[in-house]
Amino acid sequence: MTTRSATGLVLLGAGLACVAGLLPAGLGTTSASAQAQTQGPAQAAVALPRIGVLKVGGDALVKEGGLSASWVLEHDGVIQIALAGDRIGVLTGDGKAWVKEGGLSATWVTENTGVIDIALSSGTD
């Protein structure tokens with residue numbers, strides 16, 4: 001099952017998720033950063049595009065930036081991954097929903113337990 005949001009693409013129950021802020025302002029810019037660029041020197045930080053995969057063994061990997069960027073192991077024991085803006089969410093086999101916000105090395109937060117599905121928004125919508 002695939003759902004689309006204003007911030008990217010989330011594949012539910014599948015092995016690939018991608019988010020890239022693809023707007024008319026250009027690759028990798030968000031609406032906030034595009035607006036800041038037109039308003040003068042104070043510019044918002046531009047989030048790098050991310051690609052996430054879920055491997056057969058349950059490893060969730062994410063890369064940030066260009067297609068040749070290195071993969072980073074984000075979590076193991078994963079049955080679903082979701083990406084939105086600078087957020088990464090995973091659902092582990094024990095029913096825990098984990099989310100991190102910011103860089104790839106940010107700290108995971110347990111958002112809920114007994115979960116069967118996860119979806120994210122970028123938080124800037």
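Let's start with Glu 64, which counts as partly exposed because its relative accessibility is 26%; the term covers what falls between buried, under 20% relative accessible area, and exposed, over 50%, with a 1.4 Å probe and protein chains only. Keep in mind that this is a predicted model, where local features need pLDDT of at least 70, side-chain atom pairs count only at pLDDT 80 or more, and totals for chains, interfaces and linings use all residues. Residues are numbered from 1 along each chain as its sequence is written, and side-chain values use heavy atoms, with hydrogens and water left out.

Glu 64 sits in strand S5; strands here are DSSP runs of E, at least two residues, numbered from the N terminus. So who are its partners? Leaving aside residues up to four places away in sequence, Glu 64 touches Leu 48, Pro 49, Arg 50, Ala 69 and Leu 104, contact being heavy atoms within 4.5 Å. With Arg 50 there is a side-chain polar contact of 2.8 Å (a pair of N or O atoms within 3.5 Å, one able to donate a hydrogen and the other to accept it; residues adjacent in sequence count only if both atoms are side-chain atoms). Leu 48 is 16 residues away in sequence, yet the C-alpha atoms are 6.1 Å apart.

Now to the largest nonpolar core: eleven residues, including Leu 104, Val 78 and Trp 98. Such a core is a set of buried Ala, Val, Leu, Ile, Met, Phe, Trp, Tyr and Cys residues joined through side-chain atoms within 4.5 Å. Strands S5, S7 and S8 each supply at least two of its residues, and S7 gives the largest share, three. Apart from this core lies another, of eight residues, among them Ala 84 and Leu 91.

Technical notes. Helices (H or I, at least four residues) and strands (E, at least two) are DSSP runs, numbered from the N terminus.
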